Amino acid sequence: GAPKGRSPAQRQSAINKTASEIREHPYSFHLLQMLFSNKSYYTERELKDLFVLFDDEVRASKLGEDFRTYFNNRVDPGEAYPKLSLLTAEEQRRPVFDPEAKLNMLVFWCSWCGPCRKEIPVIREIEHEYRGKGLNLVSISIDEYKDRWTKALSEEKMAWPQFIADRGKISYLQETFNFVAIPLVVFTD
């Protein structure tokens, strides 16, 4: 199983068990899928060490390619996020990060996500309290349908910068910011 929330010794034991299972079944696409599904619980080094235990044919699969893309895009703690420009509601491509801000707060959401919509009033309070105090607050939608996003924007009336991911960039964002579920808030300097 994934080593989330365990002591260092328990974590290493779980990783060793996973490695043993892969060594016993290096042709298992199921194990590769399980590892990919739990990828956010591992460091990049741990994942790479487990990934190489699979047979060449398994590593060459579409899922193996997805792993390689994930390795290329993933940012581990302590590493700088890549410069990122996305479309605004005004259909202009703008940078998401403000290098002059003391803190960047990225809120990942989408129009159909109930918990995302429920947290908007709290985000509104944060934006109001910290406006002009060095916080760059932006919301980034991973909606696949821009019209649903713009409808949600008109309903929610969010006064801070709004961005939407290009359809082809959604998985890139998920890999870069290491998430599978939303809402997600990322703080970075």
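How much space lies in the largest pocket? In this predicted model, the largest pocket holds about 270 Å³ of space. Its lining is made up of 13 residues, and those closest to the centre of the pocket are Tyr81, Pro82, Lys83, Phe97 and Asp189. By residue class, the lining of the largest pocket divides into 8 nonpolar, 2 polar and 3 charged residues.

A pair of aromatic rings is described by the distance of the centres and the angle of the planes. The count for the model comes to 10 aromatic pairs. In one of these, the ring centres of Phe36 and Tyr70 lie 6.3 Å apart with the planes at 70°, and the pair is therefore edge-to-face, the angle being over 60 degrees. This pair links distant parts of the chain, since Phe36 belongs to helix H2 (residues 29-37) and Tyr70 to helix H5 (residues 62-73), 34 residues apart. Both Phe36 and Tyr70 are buried. Ring pairs also join Phe36 and Tyr70 with Phe51, Phe67 and Phe71 in a cluster, and the charged end of Lys39 sits over the ring of Tyr70, 5.3 Å from the ring centre.

Two of the residues named for the pocket, Tyr81 and Phe97, form a stacked aromatic pair, with 6.2 Å from centre to centre and 15° between the planes. Here too distant parts of the chain are linked, Tyr81 lying in the loop between H5 and strand S1 (85-88) and Phe97 in the loop between strand S2 (93-95) and strand S3 (103-109), 16 residues apart. Tyr81 counts as partly exposed because its relative accessibility is 25%, whereas Phe97, at 19%, counts as buried.

Terms used: Residues numbered from 1 in each chain as written. Predicted model: local features only at pLDDT ≥ 70, side-chain atom pairs only at ≥ 80, totals over all residues. Heavy atoms only, no water. 1 Å grid on protein atoms, 1.4 Å probe; cavity = no way out; pocket = protein on both sides within 12 Å on 5 of 7 lines; lining within 4 Å. Points joined across faces, edges and corners; volume = space filled by probe spheres on them. Nonpolar A, V, L, I, M, F, W, Y, C, P; charged D, E, K, R; others polar. Phe/Tyr/Trp six-rings, centres within 6.5 Å; stacked < 30°, edge-to-face > 60°. Helix = DSSP H or I, 4+ residues; strand = E, 2+ residues; numbered from the N terminus. Buried < 20%, exposed > 50% of the residue type's maximum accessible area, 1.4 Å probe, protein only. Lys NZ or Arg CZ within 6 Å of the ring centre and 35° of its normal.
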